[in-house]
Amino acid sequence: MDKFILNILHRPEMVPEYAQNAAGKGDGGASESGIYKESLDIFKLQQQIAHENGFKTTIQMTYSSLFNDEAVSIAKEHHEKYGDEISLTLLGLPCKEFREKYKTHDFCIWMFSMDDKKAVVDDVFGKFHERFGFYPLSTGSYYMDADLIGYIKRQYPMVKCAVATCWEEGPKAYHTCNNSWYTFLDGGPWNPWIPSKQNTHAPAADENEDSGIVAVPHISRDLLACFDGNGSNFGTHPQNVLRGMIYKDGRFPYLYNLIDQYRSLKKYNRGYAYNMMFVGPGWMNKKGRWEAPYELLVKSYRDCMAYYAGLRDRGELQDMTMSEFADFYRSCHTYKQPECALWKDILYGSQKQLFWYADPYMRTCVDMNQGGAIVDLRPYAAKVRRPVGIGTGNVYDASYPFLIQSMYRAGYFTHYAGKGTIKSCKFTYKGEEADLCLCRTKAGFSEEEGCRILTLDPVEIELSGLKVKIQSVFTFKEGSSEIKITRRVLEMSDPSCEIGFDEYMTACYGTTEYPEDMNGIKLITRGEKTEEIVYAYRDREACSANGTSAEAVITPVNTKVSVLPGTRGCSSYAHEGYAFSPMFTLGLRGTLKNGGEVTSWLRLEKAD
Amino acid sequence: MAQAGKGRLNYRCPSCFMRDLDIDMFYDKEKKEYYCIRCPFTGTEEEVVKLNEMAKFRYKNISDRITDFD
């Protein structure tokens, strides 16, 4: 396969979140009818730009637009004339009719109570049917929780595609908006996937887990810039790039670099690559957005669309509507097929490289700038059930939990008291220690016999005058729920020496920067004897000679994580944390000679 | 002192932007300056524009077209 697919979505929002608020500030405000007209005009302009460039779009009707004859008429006309898909979004709920009926300013569907979710869905889908005479094949929101998708599929089984998450829009987006934007949606895949019935973020492993839809992310985001920065600055949303101030003299090559890097992901995914563009009308309103004037907002939209059109004209892009894409995706993907991305920095000039991997068992990120340390790990194998919304006990946090998140929980540790979440390897010789986290390197990708292999360029460490060249290889076997990690000693300045290794993983659990209750987590080591610690913040260590595993059972996220050695002869250990360092460490310790290697596995399982 | 409003464009606070915070500034017509409602930043439009340019210092590839992704 050699395909780069583009989904273009537009929504006649009528009362865009931003325009309504902006209108109320400073210059006397605008009437609701004035906003309606401006918003519809923006939608019409977006449609016009897409059609001028020869693209068909997916028109996601909003609740408010279903009350507007002109919006409905445009959708019908464009469906007939351009082949646009008439779809339905659960964004854009706010309008007079909605407020009168539901008596609330809430507008994010995943935060409503389940009863209200059902009522809103039936109302919106019913209204859609009333206006168009059929039900939509696709839908979406910023996030679609598993119970919501399940309800929609039961009631409206024709729905096959949904915008279901915003990649890494979580605490970072909250902070960027002065702690006021409640899209806690971290931890999902960055490219389309088939959500499981249990948790939208975790892909289905088989037909039994299949939620029945193909999910697409809300825009395609920079896999490096968004990991540490505001997700809303770095995506295939031209005005987001302006929001990030990533332009100079009205030019924004970064946007094209981002699109091209997404195109390049074909080489990691059997010739398939994807992009999604979805700009709400508020981002092209006449008042401008922050310091970007209207003219620049529109120019960025036109330029981006023209760039996509140029790719299509050269045979390098194919546009599809959402439902077309769902059919295409299912025709060429198996459940267990992973999504891979060896992503390089295209903005900061750092040469930094991250490898992202997602399958039904895990999402993880390997940072080559830290010697191949695992800096993010989400245990999809656990399919953590996390109902979200009013009445669930979890009103807003839709993020999938991590075990490792080096940005939220410290990562490689740089001060004197405590530890941070990361998986790496340390080497020792004559009392000196070196962690691969401090060895910047690069990696190459290959696929062999159902395995995706990440081979890192060798790095050199120096311990008490001994120079050692080490190479790391990460192997992801499809469907295994494991990562195989090999550390090879390629060279030693004194070949007669023996060095110590500590293949370790420091982890915890959570969805934000703040620690969770670690009490009750079970830490177990197996080997010549089995040792167990029940977490109580007492800084204890369990250790088994001739270790066969070091394990943690983390009940709050229904996860068992194990570190397993490839050979006997090393010890397995588990270290409890303490109040100032609420983590745990699992590891393997042993020795290596020149030319030797140690292999270990990181395994994720459901705890129950 | 008169109530503050919005200026010609809806500038964000450049100081907060550099710490990944998008915060609208307000405009004091009497002093002819923008001010941040969260941090102590104040500045004229000219200063804000200059600082916004400075905030781009971290984007070393801002003007580069990249074609090699290996």
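This is a predicted model: local features need pLDDT of at least 70, side-chain atom pairs count only at pLDDT 80 or more; totals for chains, interfaces and linings use all residues.
## Domains of chain A

The domain assignment divides chain A into domain 1, residues 3-344, and domain 2, residues 361-606. Between the C-alpha centres of domain 1 and domain 2 of chain A the distance is 36 Å. Where these two domains touch, domain 1 of chain A contributes 32 residues and domain 2 of chain A contributes 31 residues.

On the side of domain 1 of chain A that touches domain 2, two or more residues each come from helix H5 (114-132), helix H8 (225-228) and strand S9 (339-344) of chain A. By class, this side of domain 1 holds 17 nonpolar, nine polar and six charged residues.

## A three-stranded sheet

Chain A contains an open sheet of three strands in the order S4-S5-S6, with parallel pairing. Strands S4 (138-140) and S6 (214-217) of chain A are at the edges; each has a single partner strand, so one side of each lacks a neighbour in the sheet. From one strand to the next, the twist averages 30 degrees.

Strand S5 (residues 161-165) of chain A runs parallel to S6(A) and is joined to S6(A) by four bridges. In this pairing, A:Val163 stands opposite A:Val216 of S6(A). Helix H12 (residues 322-332) of chain A packs on the sheet and touches S4, S5 and S6 of chain A. The direction of helix H12 makes about 115 degrees with that of S6(A).

## Contact between the chains

Chain A gives 28 residues to the contact with chain B, and chain B gives 25 residues. The side of chain B that touches chain A comprises nine nonpolar, six polar and 10 charged residues.

Terms used: Residues are numbered from 1 along each chain as its sequence is written. Chains are lettered from A and ligands numbered from 1 in the order in which they are written. Two strands pair if DSSP finds at least two bridges between them. Axes are lines fitted to C-alpha atoms, for helices over the stretch in contact, and angles run from 0 to 180 degrees between N-to-C directions. Two residues are in contact if their C-beta atoms, placed from the backbone, lie within 7 Å. Ala, Val, Leu, Ile, Met, Phe, Trp, Tyr, Cys and Pro count as nonpolar, Asp, Glu, Lys and Arg as charged, and the others, Gly among them, as polar. Domain bounds come from an automatic or database domain assignment.
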